[in-house]
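Dear colleague,

Please find the structure below, together with its sequence. My notes on it follow directly after.

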Amino acid sequence: MIPRLKGTDDILPPESARWRRLLRAFDDLAERYGYDLALMPAIEPTELFSRGVGEATEVVEKQMYTFEDRGGRSVTLRPEFTAGIVRSYIESGGQGIVKLAAAGPQFRYEQPQKGRRRQFFQMDLEYLGETAPGADVEIIEFSYRLLEVVGIEGIGIHLNSIGDSTDRIAYREILRDYLHQRESSLSSEARRRIDLNPLRVLDSKADADVVYDAPVPIDHLGSEATDHFDQVRSMLEGLGIPYEIAPRLVRGLDYYNRTVFEFYSSSFEAAQSSLGGGGRYDPLAELIGSRHPVPAVGVAMGCDRIVEAMPMVGGSRLDLYVVVADRTHTVNAMEWVARLRCRGIRVDWDVSALRSVKAQFKAANRCEAVAVALVGTEWSQGLVSLKVLETGEERRVSVKEVEEWMKQH
Ligand code: AMP
């Protein structure tokens, strides 16, 4: 027996039913909002993340699955989607507005616990090539609707603006001074960060007391960032999307500017409780080699945590199970099953053509089918017995009627 690696999961039935529901909802909604599908490499040059995400970030410093491939290149299993998607935009010519949706596994070497896995799944949206605050709002609104559609309760949004790069240069100095003055009360991790990446100290739980009174980015925004943020807020209000200002929310990665946000739910409480997060990242494209700026905004929603917060869904997995009682009609049954499937009905049957009627009924119950159609001698007259499993109600009906009945249920 070779067990799976720590921090990875086998996602199997019955839990996988909720995953299917979530991924379908994401795909449907993305199409409805005009986002095209992007299928991205799971492995990228290490430099993409060290330059894009930032050397002094937790992800790059401690969590990447980095190794040398057989050709001597340093490669990394993607810890996030954004840097790869922006790379693909630049590599394919980098022009105009592109809206992309991607979903798949990410890899981070974390201390595994509830909602914190080493292989985890994200659903990701990126709005590339747009400066307007409406793009930030669309990304936030989409994420909110997705959580709503899959039944998440008590959805909360933490929203902040960290300003533009120029605003941050000035603000960083103010924050550094503040932190240096209180250095002796800070954790060693926070002390190390003062010069490297002081903004990260703001969301350090271990330093919450010191940080409580620290100057916050939102009080040091330039006029353009202020105007952008005001517009984001009023549009969200217009759309009826509730949010809270979280002045110490900065997000872990280096590439963000202006709007940043995270999603929470009252039905998922854990040490790491955010269901998703994102923001505007206008500086990223140039960090990874674009010759011109690419304004953009995106979100990454965490599937593992969202699934945990989703309600259990009852309901049937199949519309119909076809039981063959008269073996002379096995081939007819097979052809009928194929026809029903082509019409979009969820149908299964016993392909072995060996098991007893009782065993086939057991299988129908196991599959949580709505009804069973029994194919017996009366098939020759175009008839089957239809039994509704929940009520036990049984009647003889024509094959055509079964199809009509299925459409109504
Ligand atoms: P991040 O890229 O860190 O902002 O993550 C975006 C979302 O992905 C988070 O809000 C989580 O829902 C999810 N996420 C991040 N890291 C993990 C992890 N190690 N395990 C499970 N979900 C994660």
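D164 is buried, at a relative accessible area of 15%; buried stands for under 20% relative accessible area, exposed for over 50%, and partly exposed for the range in between (1.4 Å probe, protein chains only). The model is a predicted one, in which local features need pLDDT of at least 70 and side-chain atom pairs count only at pLDDT 80 or more, while totals for chains, interfaces and linings use all residues. Residues are numbered from 1 along each chain as its sequence is written, and side-chain values use heavy atoms, with hydrogens and water left out.

The loop that holds D164 runs between β7 (155-161) and α6 (165-181). Helices (H or I, at least four residues) and strands (E, at least two) are DSSP runs, numbered from the N terminus. The side chain of D164 makes polar contacts with the side chains of R258 (2.8 Å) and N257 (3.4 Å). A polar contact is a pair of N or O atoms within 3.5 Å; within protein, one must be able to donate a hydrogen and the other to accept it, and residues adjacent in sequence count only if both atoms are side-chain atoms. Leaving aside residues up to four places away in sequence, D164 touches E224, A225, N257 and R258, where contact means heavy atoms within 4.5 Å.

An N or O atom in the R108 side chain is 2.8 Å from a ligand oxygen, and a polar side-chain atom of Q122 lies 3.0 Å from an oxygen atom of the ligand. Of the 480 Å² that the ligand exposes when taken alone, the protein buries 91% (Shrake-Rupley method, 1.4 Å probe; for residues, only the protein chains shown count as cover).

In helix α15 (residues 399-408), V399, V402, E403, W405 and M406 are buried. They lie on the same side of α15 because they cover an arc of only 165° around the axis, taken from the directions from the helix axis to the C-beta atoms. K400, K407 and Q408, on the other side of α15, are exposed.

Finally, a search of the whole structure finds zero disulfides, defined as pairs of cysteine sulfur atoms within 2.5 Å. The sulfur of C342 is 19 Å from the closest cysteine sulfur, in C367, which is too far for a bond.

Yours sincerely
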